[in-house]
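Student: I have a chain open on my screen and would like to understand the words used to describe it. Could you take me through them?

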Amino acid sequence: MMPALFLTLLLGAYWALLSGQFHNTFLLGVGAVCIAFVVWTGRRMGLLDDEGVPVRFYPRAIAYVPYLAWQVILANWDVFKRIWSAQPAIDPRMARVPYSTRHPFVTTTYANSITLTPGTVTVSVDDKTMLIHCLTKEGEDSLREGDMERHVKRLEG
């Protein structure tokens, strides 16, 4: 029931943001009917389970976003300096980096965070290791130190 309620609230907020219609009764009714139909269809298709909408992680995820944004800014600056220097100090490599996250949502968030950070791309996720393309040795070392993993593991509690 909670995923359906969360989806209803999310779709309602999204509809209100895009439409801006708050005084037209007909449009409010049509929006409510459409939202109800989408939620009903999602439930019938079996899409509204805990894995589809892991609501319990969202409050902690909001706290993780500023950390990730800062890491993206730092990595952008690092890549910018390396690319525009006269002698680019890059050393592309593939690295297997172990991880210890337990929940699939948290593992996916970690892998996506690595990919969002310029200079690194998660190529594959195996049974406790990730294959990552790193632009530099420093990028690989940073992942092996585990700072990002420590931050993302806070999502698990």
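Tutor: Gladly, and contact comes first: it means heavy atoms within 4.5 Å. This is a predicted model, where local features need pLDDT of at least 70, side-chain atom pairs count only at pLDDT 80 or more, and totals for chains, interfaces and linings use all residues. Residues are numbered from 1 along each chain as its sequence is written, and side-chain values use heavy atoms, leaving out hydrogens and water.

Student: Which residues does Thr101 touch, not counting residues up to four places away in sequence?

Tutor: Thr101 touches Val106, Thr107, Lys128, Glu149, Val152, Lys153 and Glu156 under that condition.

Student: Where does Thr101 lie?

Tutor: Thr101 sits in the loop between β1 (93-98) and α4 (104-116). Helices (H or I, at least four residues) and strands (E, at least two) are DSSP runs, numbered from the N terminus. The chain has six helices and three strands, in the order α-α-α-β-α-β-β-α-α.

Student: Why is Thr101 called buried?

Tutor: Buried means under 20% relative accessible area (exposed is over 50%, partly exposed in between; 1.4 Å probe, protein chains only). Thr101 has 1%, so Thr101 counts as buried. Of the 157 residues of the chain, 32% count as buried.

Student: What makes the pair of Thr101 and Thr107 side chains a polar contact?

Tutor: A polar contact is a pair of N or O atoms within 3.5 Å; within protein, one must be able to donate a hydrogen and the other to accept it, and residues adjacent in sequence count only if both atoms are side-chain atoms. The two side chains make theirs at 2.5 Å, so the distance meets the cut-off.
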